[in-house]
Amino acid sequence: MAAVSKTRNMIEGFVRDGSFKWLLKTRSPFHEEFEEMKMSPSAERNWIDELSPLANIVVRRCSKILDIPTTQLQENFNEEAPDVIKVPSRYARNFLEYSCFRALTLSTQTSGYMEDKKFRRLTFDMMLAWEVPDAASQPSIDIDEDATVGIEAFSRIAPAVPIIADVIISDYIFEFLTASTGGRLQFSTFEKYLIGLERAVRKLKTQSESSHLSSQRSGRGERILEMDSAVTTQPVLQHVGISTWPGRLTLTDHAMYFETFRVVLYDKPTVYELADDLRQFVKPELTGPWGTRLFDKAFLYKSVLLSEPIVMELPELKGHARRDYWLAIIREILYAHRFIRKFQITGVERDETLLKAVFGILRLQALRDMTSAIPLSFEAALMFNACDQLPGGDQILETIATRSTDRELDRSSDPKAASGMYSISASTMASSLGVVFGTSSSVPKESGITFGDISVGELTPLEKAVKESRSSYKMVANAQATVDGVKIEGIDTNLAVMKELLFPVTELGNRLVKVFYWEEPVMSLAFCLVSTYVIYRGWVSYALAMVLAFVALFIMVTRYCSRGRPVDEFKVIAPPPMNTMEQLLAVQNAISQAEELIQDGNIILLKLRGLLLSIFPQASDRFAVALGIIAVFVAFVPMRVMILLAFLEEFTKYSPMRRSSTERWYRRMREWWFSIPAAPVVIEKLIEDKKKK
């Protein structure tokens, strides 16, 4: 009774001395609840000393949803949670997460919860309470309609509802939503995002329940995720060879369909499979009239079932966002099925994996309808696309696969195991939204303290993998920013920069050439004697190790000496400016030189072909005899001696004693090489006979 009286006096004291004025100065969403708590005879059951006032309000709402007293909810947490997450310093936030996750699990099993404004407000208030969970926390914001939350709170609460966010891309969603509000999320923005999600779900349900493509989709229970050019004023153009046809493009969770538009109706749809292993790929493509490559508004699809790739063009007046959006969502479905095949995911977990991809596309559709200070990156907003780009994305996918396998084993071994704490199933959530996916009729509930891809009070292996990957991604992004900053326009300027960067290498090369050609006999003789001794004693590996160690020591000494000093900029003297004609002539000259190099390479290959196939017997006989002598030499001479002899042969051939004989030998070799005819070549033009419809 003393504790009850103390709690009641505490609440009355908060109201009497104005401690709640920061909440009561406006008619906030918490006003009536505080009034109710003050007047309720069971106030002691609605207040937990370890929690802040805001956290107490949120936990009280959770207990009402769960239909159990707050004290009972706390007792359940104390019984089920391990000791490591019940330490005093973390108790308040962990208990708050436990209460929120359980309430969200039950709330999302109610049909039409996305349309309920109370659900939207509750989810946002959970984030607010997460930032000030314990009684010692001092609120840093006014809890009113203008209250905002940070990225950590969003990343902990939002992924508990899989359709709102995902662990992998939650950070990007938050950054997009808060780009114009200083990195803090407002309720108005969050609510607008959820309204867009609800609208996307309603669109998905309407499209999937229509008769469109019903005969093709019925076998696998496919759902239509997106359609383009439902009206004929903005058709999608399909290019096959030299033929072009306008039509309608449709994407499901298993395939892509294209229907050619006729005068009134559409032709029978052509199916482009994404679920089966057909070595498919999609990539951006350029299109234009008469085969020219001018407009970057299309994507190419290729599989083993097609004799030639097909190109889908999505015209728009400016930019290529329409194409980029379709390319991203098609790849998301394609990557999801590759993931399923690679890790052999079946049953319920297969449906869950596809739903993650579907939910990602729904989130992307909601984000497209919103305005932001930054452009929307379609790949960054989709889970499998993001894993394809993030450093360590393969490790993230392996973590997901391991977790899926473990859950499937848990279901098969003990499908009824439960501790009263269930994770939110994506399939169950889809059912509550009025959409059923896959072939699984029921989804067993999971046991344990894990909710979806997040866990109360600690980071799951998936969260750790994502955190490490994003840390690496920031380093890569910063490095790429420096790369973009030093890119220079102009061939002449880039050549000047390269020449200056390679100056130490060219200087070293010039010194080695002088040594090789015995322009400094004393230096050349010393180098020859030292190298011969090193090769004879078998110390080549040690010499190479010494060179590498010297480079490493140089780097460490340089780093130590330059500690705290700014990096010196690399200065290059700009060459005289070139006009457009001079630049074109320089490019033409470079192309001509490259063409000559390719021609010389082809001549060498054709002569070798003639020698190997004995097209010219006299030259081939000499070549075969030379190869036989070399083979005997390689077979009977030790490798160390052979390397030593090869080094002495190459290094001393321009010494004063051997220069004249070397020049005579090279002249004979050139004469012999020039006497070998090239193998004949016939160039045939390929005549393509393409059908025109």
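Residues are numbered from 1 along each chain as its sequence is written. Because the model is predicted, local features need pLDDT of at least 70 and side-chain atom pairs count only at pLDDT 80 or more, whereas totals for chains, interfaces and linings use all residues; side-chain values use heavy atoms, with hydrogens and water left out.

In soluble globular proteins, nonpolar side chains tend to be buried together. A nonpolar core is here a set of buried Ala, Val, Leu, Ile, Met, Phe, Trp, Tyr and Cys residues joined through side-chain atoms within 4.5 Å. Residues are called buried under 20% relative accessible area, exposed over 50%, and partly exposed in between (1.4 Å probe, protein chains only). The largest such core contains 116 residues, and Ile163, Ile164 and Tyr193 have the most contacts inside it. Its largest share, 12 residues, is supplied by helix H12, residues 321–342. A separate core of eight residues lies apart from it and includes Val515, Leu644, Phe647 and Tyr654.

Helices (H or I, at least four residues) and strands (E, at least two) are DSSP runs, numbered from the N terminus. H12 has 22 residues and reaches 31 Å from its first C-alpha to its last, close to the 32 Å expected at 1.5 Å a residue; the expected span is 1.5 Å times one less than the number of residues. Of its 22 residues, 18 are buried, so H12 is largely enclosed by the rest of the structure.

Side chains of opposite charge can pair when their charged atoms come close. A salt bridge is counted when a side-chain nitrogen of Lys or Arg lies within 4 Å of a carboxyl oxygen of Asp or Glu, and by this rule there are 19 salt bridges. One of them joins arginine 156 to glutamate 97, at 2.9 Å from N to O. Arginine 156 belongs to helix H8 (residues 151–157) and glutamate 97 to helix H6 (residues 88–107), so this pair ties together parts that are 59 residues apart in sequence. Arginine 156 is buried at 10% relative accessibility, and glutamate 97 is buried at 2%.

Arginine 323 is buried, with a relative accessible area of 2%, while aspartate 296 is partly exposed at 29%.

A local pairing is found in helix H10. There, arginine 202 and glutamate 198 form a salt bridge of 2.5 Å, N to O. The two residues are four apart in helix H10 (residues 187–209), so they are separated by about one helical turn. Arginine 202 is partly exposed at 43%, whereas glutamate 198 is buried at 11%. Elsewhere, Arg61, Arg121 and Asp125 are linked in a network of salt bridges.

In the model, residues 542–561 are 100% helix and 0% strand, with end C-alpha atoms 28 Å apart. Residues 623–648 are 92% helix and 0% strand, and their end C-alpha atoms lie 24 Å apart.

Most residues other than glycine have a negative phi. Glutamine 344, however, has a positive phi near 55 degrees and lies in the loop between H12 and helix H13 (347–368). Tryptophan 518 likewise has a positive phi near 55 degrees, in the loop between helix H19 (503–516) and helix H20 (521–537). Glutamine 344 is exposed, with a relative accessible area of 68%, but tryptophan 518 is buried at 12%.
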